[in-house]
Amino acid sequence: MRQTPWQRALLYTVVVVWSFVCLFPFYWLATTSLKTPLAVSRGPRYLPTVDYQPTGEHWQYLLNDQRDSLLRHFRNSLIAATGSTLLALVLGSMGGYGLARYRYHWRHLLNWRNHDISFWIISQRFLPPALFVVPFLLLFSQLNLVDTHLGLILAYTLFNIPFAVWIMRDFFVNLPIDLEESALVDGATAWQTFVRIVLPLSTPGLVSVAIFSFVFSWNEFLYALMLTNYEAITLPVLIAGQNNTRGIQWWYISALTLAAVTPVVLIGLALERYITRGLTAGAVKG
Amino acid sequence: MLYRQLWLPILLVIGVVLGGCVAAAPADQAPASGEAESAAKPFAGQKVVVVTQTGRSIGGPVEDYAPEWEEMTGGDVELQQFAFGELFEKIITAFETGANDYDVLIFPADWAGDFMAPGHLEPISEELLAKLEPEDIIPLYGERITAWGETVYALPYDGDGHMLYYRKDLVNPASPYAAEFEAQYGYPLDEPQTWSQYYDIAEFFNGREVETAGEMAPIAGVAEAQRRNAQSYWVFLSHAAGYGKVPGNPCFFFSCDNMTPQVNNPGWVQALDDYIRSRDLGPAEQLQWDVSDTRVQFPAGAAVLNIDWGDVGPISYNPDASVIVGQTGFGVLPGGDRYWDYTTGAWVEEVNVAPFIAFGGWIIGVAADSEVKEAALDFAAFMARPELVKQLAVTPDTGINPSRYSQFEDLDLWINAGFDQAGAEDYLAAVKDSISHPNAVLDLRIRGSAEYLSVLDTEISRALAGELSSQEALDNVAAGWNEITDRLGREDQLNQYRSAVGYTE
Amino acid sequence: MAGPQSTVPEAAGTDRAHERSFKRIFLLPAVFYLLLLSVFPTVWSLGISFTDSQRGARTTSEESAGFLGTGVQLTARNYVRMLSDQRLHTAALNTIVFVVGGVLLQYGLGFLLALVLHQQFVGRNLARVIFLMPMMVTPVAAAYMGRMLFDTRISPQAHLQRLLSSLTGTEISIPWLSEGTWATAAIILIDSWQWIPFMTLLLLAGMQGIPEEIYEAARTDGATAFQILRQITFPILLPLSITAILIRGLEIFKIIDVIVVTTGGGPGSATESLTMYLFDTALTFGNYSYAAAISFALLLLVILFATLFLTLGRRIAGQNSQ
């Protein structure tokens, strides 16, 4: 599509303004992480060495003194997020495929059809977390799952499946059915068709689900707080914990937040490419 | 073939679940340490998990001194920290659902009703207490705050109470502002003794350009925590104590006859009016400030007056965080200019100093369901030993405040920690006068105190935001408190309150 | 173009012997998983909502045994109490404001930004990366950032306000976080900063799936860019939009971490959300039964709203596709 100069100017203005909105908080974190307490509490200071004397003290404290603790939380977040993302991908894409390609009619069970089932699945996200964490704790303490990576993975998968099913269902519905039909005609089972033909075509959908699931699990706070005690505790709990009675240590929180965000951003960015590549391919084919 | 495919995903799920359960099952093997070694190191291979709030203030000393204990006993200490705002919910829910993993708990004394009363903590034996020089511990901490009924459930670690901080360079009879102040208010400018003097000073200075760290800048009258869902209701209670505490009557929150809430009596209403006045005499964002903000802002020169726990003393002497080193005055909380005697239903026109022992300090307990009870008790005693807490009270980045007589006697400790002689004397006198004051008010420490105080917190926040008048807000609190009391059982609650304040008929 | 619900193409091998089994293979693992993990919490909560369960409401002499005491009596008191609970009503109202405000802002801006990213321009890949970044931040951390940037003393925007005040001679001072309406706005802004990328990503994915031929045809017919947007892009994206709005709405409905960090529910009761109130009731006060009752009332309401929303959305989408 050709753009007029005005459209072009508008386009770039929006891009620049919104990039600033997105990036400035990150810049502010970076500069705050180099400030002394007084440089923070006595008004805004913008540029290191220009209007305040930077200090590496907080980074040093985080990466040296607190390294063990940081790595422990880090590792736990990584395990919980990866585990639940994989599980949600497997179960979610299968469920989504089922709902997209077959008609279900549970005659003996409430007489449910596809869209009732879909609705029930998404309704799992309606449950108010603040209360349901209590029966979860009861259940998990019976099963010895409190403070384990597996416990968190199981819980997060529960939260991720509904999105995974819905997003994947929408993707599969829009996939052209001819390829699957010809595979079936060639004698492949539905399962083989799904694994060999459908999944590779659905990379963008799978990647979106993976990003959302990973980001959700990496960042979840309430269940991480209540379901873990020491061994499996994750990063958001560590970050939230920085508000202590000693005063909010903006400088330290900033360093910590940057450290916590970096890997997700990297993973997200690495994956994001596949979405666009896949999508473009889809558009050409479409 | 078909069934193999069906099983694949199901097996995956089941496999992961079962695998996890097995992996999660407690590993029961005893550590295979040699006989000789375990004799010398009694807790070899035992892991003690300590839980407390985040930050160096309370947990820092555990990080610093645990290696010494590990070396001595062969045990292994792990520290887990949570934000203050989540610590209570986290621990109590873990206790109640049987999901508790913690052995040693360093927790605020006013949770006693919820932790000690239901038996979640291990009673502390006489022998253990005897090792900690009990005669040195200020009785308020040793006998009241760490005990439930007759049984001691925790070890004293930290002392805590609210006190007054002010800019001594501005507020003193020789200050450049003294003459103007005296002309305006008719008495000399000095440490405020009553709340009306406190507000005179606040009003006099609020918005005025004064010199702070070499710069002329407008200063606020007060820096008081007023944030909702934080620790600010304690600041309000510090206002209320002077107006509502009846000398000689230990029952402050409730009447000890029938648990009638006193929270909406005229004394408390006056206190809330004052607290609302503080809103207008402080920085604009004060409604969003918690104690954790005011204790950053006051030392950064934001205000003339401040109410806080003992922590601001050492912070104000820390040149990294404070621009008013050596310029801070310390005092007992101002008294009420008069107080409401609810037993007679009338104002008594005399100054009533009633320091509020807000919070009561962090104390160390051992979980009753701990699997390494011996080691946990030993570590608790190690952290609470007199030499250590004495040192900790003067370490600037800890929040450990004095709880022992000896901490007040050793001035050198404080001077070595950065205080100047006069400042150390002033600070220690203020702390000691507060906690040993005969009219001091103890925090609410009965079952359900978290809920009582949350109702209070919500309603005073609404009054601060202008949604309700002081009287309406506190009437709501009284109604809420009655509802809680009835729900938990009025008779039970009355007995608890009586024993918590040491009331005898 | 039809909504995902309305087209469920029958698989080609419908009449194959194992078709029924394959149907199950695909759907049942997810269904069983959800059942396995959510049945107990749901049943437990429903049960306890009809009791008096309250932490500490036992005589102290009793051993702290079990969570549910014996001799439980059933009561509907909790459900009655909700009707007169002012704090609950305020929290519900606040939550609705968050949901409506947040969804409108996020969908509107998200759509706009997706349109922008759908254009060809230099640096598009970089922009896509930048626009996505806020979503990666832990909500707790985003809230800390927000609190830092909405501060009225030490933040750059406060500095800007002071500059503007001295330039214009009028006092400009926005009481972010310390005045009810502004605090509500600040929370919506923080949440939106973080989640607009979610909308953008989903809608962009949808836009890229629209075949170029449809646009070509419209352009040959002489349609303006705005007409194309209104009559082609928007209707085609409607089903996806409905899913995206539903998901976001549900998530905002459960907002807690951002509020706890920024305002703590204050000033007054201006920003307390339902989840915050539930957290207090269940975990701080230990009043599990009442929290459970509220949860179920909410669950019913949410199901009602979601059904209405989906039905309405499907109807509109259906009309558009004809």
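This is a predicted model: local features need pLDDT of at least 70, side-chain atom pairs count only at pLDDT 80 or more; totals for chains, interfaces and linings use all residues.
Figure 1. Most residues other than glycine have a negative phi.

Figure 2. B:Glu133 is placed in the loop between α6 and α7 of chain B. Its relative accessibility is 37%, which means that B:Glu133 counts as partly exposed.

**Figure 3. Close-up of the cis peptide bond from C:Gly266 to C:Pro267.** Omega for this bond is near -5°. Most peptide bonds are trans. C:Pro267 is located in the loop between α10 (257-262) and α11 (274-284) of chain C.

**Figure 4. Close-up of the salt bridge between B:Asp136 and B:Arg404.** The closest N and O atoms of the pair are 3.4 Å apart. B:Asp136 belongs to the loop between α6 (126-130) and α7 (139-145) of chain B, and B:Arg404 to the loop between α15 (386-392) and α16 (405-409), so the bridge ties together parts that are 268 residues apart in sequence. Both partners fall under the 20% limit for buried residues. B:Asp136 has a relative accessible area of 11%, and B:Arg404 has a relative accessibility of 1%. Over all chains, the search of the whole structure finds 31 salt bridges.

**Figure 5. Close-up of two salt bridges within chain C, C:Arg219 with C:Glu212 and C:Glu251 with C:Lys254.** The N to O distance is 3.9 Å for C:Arg219 and C:Glu212. C:Arg219 is partly exposed, with a relative accessible area of 28%, and C:Glu212 also counts as partly exposed, at 40% relative accessibility. For C:Glu251 and C:Lys254 the N to O distance is 3.8 Å. C:Lys254 counts as buried, at 15% relative accessibility.

**Figure 6. Close-up of a salt-bridge network with members in chains B and C.** Salt bridges that share partners join B:Arg228, C:Arg87, C:Glu272 and C:Asp280 into one network. B:Arg228 is the member from chain B, while C:Arg87, C:Glu272 and C:Asp280 are from chain C.

**Figure 7. Close-up of B:Asn265 and its contacts with B:Trp340 and B:Tyr342.** B:Asn265 occurs in the loop between α10 (233-244) and α11 (266-280) of chain B. At 6% relative accessibility, B:Asn265 counts as buried. The contacts with B:Trp340 and B:Tyr342 are those that remain when neighbours within four places in sequence are left aside.

**Figure 8. Chain B as the setting for the views of B:Glu133, B:Asp136 and B:Asn265.** Chain B contains 21 helices and 17 strands. The C-alpha trace spans about 90 × 60 × 50 Å along its principal axes. For 505 residues, a compact globule would have a radius of gyration near 23 Å, and the 25 Å of chain B agrees with this. Of the 505 residues in chain B, 63% are buried. Contacts between residues at least 6 apart in sequence join residues at least 24 apart in 74% of cases. The accessible surface of chain B is about 17,400 Å², and 51% of this area belongs to carbon and sulfur atoms. Chain B carries 28 positive and 77 negative side chains, with the centres of the two sets 4 Å apart.

Figure 9. Chain C has 12 helices and zero strands. Of the 322 residues in chain C, 58% are buried. Among its contacts between residues at least 6 apart in sequence, 73% join residues at least 24 apart. Chain C exposes about 13,500 Å², with carbon and sulfur atoms supplying 67% of this area.

Methods
Residues are numbered from 1 along each chain as its sequence is written. Chains are lettered from A and ligands numbered from 1 in the order in which they are written. Side-chain values use heavy atoms; hydrogens and water are left out. Helices (H or I, at least four residues) and strands (E, at least two) are DSSP runs, numbered from the N terminus. The radius of gyration is taken over C-alpha atoms; the globule rule is 2.2 Å times the number of residues to the power 0.38. Buried means under 20% relative accessible area, exposed over 50%, partly exposed in between (1.4 Å probe, protein chains only). Contact means heavy atoms within 4.5 Å. Accessible areas come from the Shrake-Rupley method with a 1.4 Å probe; for residues, only the protein chains shown count as cover. Lys and Arg count as positive and Asp and Glu as negative; His and the chain ends are not counted. The place of a charge is taken as NZ of Lys, CZ of Arg, CG of Asp or CD of Glu. A salt bridge is a side-chain nitrogen of Lys or Arg within 4 Å of a carboxyl oxygen of Asp or Glu.
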